[in-house]
Structure formats: C-alpha cells, structure tokens
Amino acid sequence: MNLILPMETVITPPQISWEALTPVLIVLGAAVIGVLVEAFAPRKGRRTVQVLLSIFAVLASFVAVVARWEAAIESPLAMNEYHEDTLTLAAQGILLIIAFLALLVITDRTELGDGAFAAQPSDRPGSSDEDLSIAKNYQRTEIFPLVLFSLGGMMVFPAASSLISLFIALEVLSLPLYILTATARRRRQLSQEAALKYFLLGAFASAFFLMGSALLYGYSGSVNLADISRAIPMIPGMDWMMIAGIFMIMVGLLFKVGAAPFHAWTPDVYQGAPTPITGFMAAAVKVAAFGAMLRVYLTIGTRVEWDLIWILGAVAVLTIAIGTFVGLIQSDIKRLLAYSTIAHAGFVLIGVLAATERSAGSVMFYLLGYGVATIGAFGVIALVRNADANANITGEATEIRRWAGVGRKSPLAAVSMLIFLLSFAGIPLTSGFIGKFVVFADGITAGYTGLVVVALIASAITAFYYFRLVVLMFFTEPDENTVVVKSEGFTFIAVIVAAVVTVGLGVFPQPILDALANVVVLLP
C-alpha cells in the first residue's frame, strides 16, 4: 500500500550551522582519513603521513575556533543538540592546545628508535609473536586516529546541550582511551590491567549518567538541558526525582575528572598507560569533563543549588584531602602526579560550585595552565630512563628515588620539570598561582570561604611532595643507573613550549584573563 502524505504536509529539513561545527568536523574528518591511511598507505611512509595529518588537523581546527570567537561573543548559537557559545570555544581552544603538545610527545622516539607504544599491542606479552614484532621493528600508527577520535568527543562534550549528545560525546571520548591505555611498550600486563580498570571506571560513569538522564527525563519529559531547567520549578511533588537525577549526572562527570570517592583506580590507570597517553588523559579529559560540568551545573544544577551544595562541597573537600595526603606517601612519580591531578580536581570544583559571573572563565584559565604544565611534566618523565649494569637503557625511571641528580645530567629537563612543579604548587610567577588565585577568589565571592581555606591548607601541604622531587633532582648525588635519553626532539619542543607558556601565563596573565572573561554559558 502506498503511503500518500496530505497536501498540506511540509517536511522541513533541519537547520544546521556548519560553520559552528567546523572545528569538530576537521578533527573527526582527519580521524577518518587516518583510518584510511592505516588501511591503504604503504607501511614505510605511514607514520610521517599520520603525524602530519594529525598536527595539521589540530592546527586547522584551532584556527577555526579563533575565527568563531567574536561571533560567539556577539550572537551565541543554540541548536537542539549543540551550543556554540564562548564556553564551548574556550574549552575547544584549550583542548586543541593540549592536543598539539600531546601529539608532539606521542610522536617522539628516542635515540634507541623506540617509542612509548608496543610494536603490536595485540601480541600477548612475553610471547614469541611479540618478540617477532619487536625484531621487525614494527611501529603502530593507529595511535594517531584514535587520539583524534577521542579529541573530537572531548570537543563536543562541553558543547552538548542535551543528555543524549552528552552521553554520545562521553562514549566517543572514552572508548579510544581504553584502547590507548593498553598499548604501552613496556610493562605490558600492567598496561592491559590499567585499560581494564579504566574501562570499568568508564562503565560506572556511563551507568550513573544514564540513570540520572532517565530520572530527569521522567521528571521533565525532555532530555534537553534548557527544557529540564524550565521544568524544575513547575512540577511539584517530584523534587526527589529531579535532585537524584542531577546528582547522578554529576557523579558520572565526577568519575571522569577523578574526584573522590570516584577516583579509585585513577592512579593505577595513570601508572599503567603509556606516559604520553597518561599526560593526554590527565590534561584533556579534565578540560572536557569540567566544561561539560559547567554547562550542566550552571544550566540545571544551580536551580537546586541549596539541595546539592552540601554533598558536592563534601566531594570537593574529600577530593582535595585524598589527593593531598595519599600523594605524600607515593614512591612512583606517575602515581604522585595522579594524586596531584585528584587534588587539582578538588580545587577546580570550587570554581564550578561558585557559579559567579566570572567563574566559568576562571575555571578555563585554571585548566589551561594545569593542562599545559601536565603535558610538559609527563613529557619529561618519558625521557628519564633506567640503565642496567651494562649501561643498556631500559624503561622509564618512574621510581622517585631514581630521579636523584637529574638536574646535573640534564639541566634543561630538570629546570623545565621544576617550572611545572612550581605551577602545580601554586607558586607566584607561574600559571598555577594565577589559576588558583582567580578560582579561590570566586569561591570567596560566592561565600564558600571554608572550602577555600581547606584548599589553601592543602596547597601548602602538596608543596611538600613537589619540593621533595626538586631536592632529589638538584641537591642529591646522581643515580648512576638513571639517564636522560636524547630523542628526535619533538618531546623537547613540547616541554620547552609548555615551560614558556607556564611562565608566560604567570607573568602576563591579563590578556588571557580578559579574553576568558567573556566565557559564559548560554542559558535558557
């Protein structure tokens, strides 16, 4: 039977602003091309093509973000599933800066000809297949499209204006990272264990997020954040469903930023993943997740602020406390920085909860400084290696005691690491100091002085474990079995750029602060 539409029926095509989607389309388009390169390009030149394609895509996308900035200030754009406002573009710009530096570290190979990634990640650790792959000097390059796919999901995450698009972006950013975590060249079983743990963490995050979405849909009859916000004061007798839904969505996001008590396996994941991927995860995932958290909390969370503030404030205090005190007893530098990132997540939460006129911009500045310093720090870690009794260079020297005397063996690497540690500690003339200052100032303005006092005390305590590493690097006799390897140079470029930006943002922060003062969330 033929179906005939009535004469008066008009099918209206959806209105899509392709200009607003350009930054995301460039990254995802390059990721798809990267998959085709893996399938059809000759193995000999594949790495060069993937590196150039990835870096060009990130730079082109950044240009597109900058080109859209003025338009977003003057007339922010709201589509059904995607908002282009200054929060979206600020988060995307920061993500692209972080991705550019991370790609340099991911690309680099040392003077030994090895990278951070397994020759064939699918080989069983310790098998003859793995030995054969290493003997043939395989270098997997699907790492690059996986990074781009994850970056594309991250760029959509803070722009998503409905629960459906938020969930899809969450999965797109997470799934490639599960694979990347399992691709470490050394300590393969630890890497695969980390990937499984990260997958389980992501599964819990998705479960909480979906349950919260279901409750909010049951409450409001919509999955659009603006519709949910408008419905909040209009449906009496169902407050429990609405509050539980918002809280569960926030829990899903708190998993992604590594907030306590949802941080459980985060240090294990950071320790087991390839070091360049650890840096990328530690920096970029937090930017994307906090961007999404700002949108969700400022759109619907602030409507029930007094019902949520106590429990979210307790999460912030617990996150700061665990990141601070558990970090004091770590003997592995990657685990140390993992607990550092947990403490920083608690600091940033203060800015999110403040919800002042300028707090979104303050959070973005904090994440920019933190993200750049994090990529630089893990870049340095990738170059500090163990050596055996025969002077054969082996894996990364992640035990903190092995960093003794690194300042004498490579002053440039050690001074760069010093700058990053000073920034993490919030010492003046670094981006970390300015970031903490503006976020804590917003917290005091919003009346959360108690939270800020806790954060200030914790900042002073965390300085202890940062300076313990400084003392080892500069004031301790060198460890004969630790070397700083030379490489193709990409990591050193990333480290130097990160160090310059970290100091630059601390000495001349005003231009960036003025630009980020325009960061607002497009409200219903």
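Me: Why does arginine 230 count as partly exposed?

Reply: Arginine 230 has a relative accessibility of 43%. Buried means under 20% relative accessible area, exposed means over 50%, and partly exposed lies in between (1.4 Å probe, protein chains only). The value of 43% falls in between, so arginine 230 counts as partly exposed. This is a predicted model, in which local features need pLDDT of at least 70 and side-chain atom pairs count only at pLDDT 80 or more, while totals for chains, interfaces and linings use all residues. Residues are numbered from 1 along each chain as its sequence is written, and side-chain values use heavy atoms, with hydrogens and water left out.

Me: What makes the pairing of aspartate 227 with arginine 230 a salt bridge?

Reply: The term requires a side-chain nitrogen of Lys or Arg within 4 Å of a carboxyl oxygen of Asp or Glu. The closest N and O atoms of aspartate 227 and arginine 230 are 2.5 Å apart, which is within 4 Å, so the pair meets the definition. Both residues lie in helix H8 (residues 225-231), 3 residues apart, or about one helical turn. Helices are DSSP runs of H or I with at least four residues, strands are runs of E with at least two, and both are numbered from the N terminus.

Me: Why is glutamate 84 called buried?

Reply: Its relative accessible area is 1%. That value is under 20%, so glutamate 84 is buried. The side chain of glutamate 84 also meets that of arginine 68 in a salt bridge (2.8 Å, N to O). Glutamate 84 belongs to strand S2 and arginine 68 to helix H2, so the pair ties together parts that are 16 residues apart in sequence.

Me: Is lysine 197 buried or partly exposed, and how do you know?

Reply: Lysine 197 has a relative accessible area of 15%. This is under 20%, so lysine 197 is buried. Its side chain meets that of glutamate 193 in a salt bridge (2.8 Å, N to O). Glutamate 193, at 40% relative accessibility, counts as partly exposed.

Me: Where does helix H1 bend, and how is the angle defined?

Reply: Helix H1 (residues 18-40) bends by about 45° at valine 24. The bend is the angle between axes fitted to the seven residues ending at a residue and the seven starting there. Valine 24 is among the buried residues of H1, as are Ala20 and Leu21.
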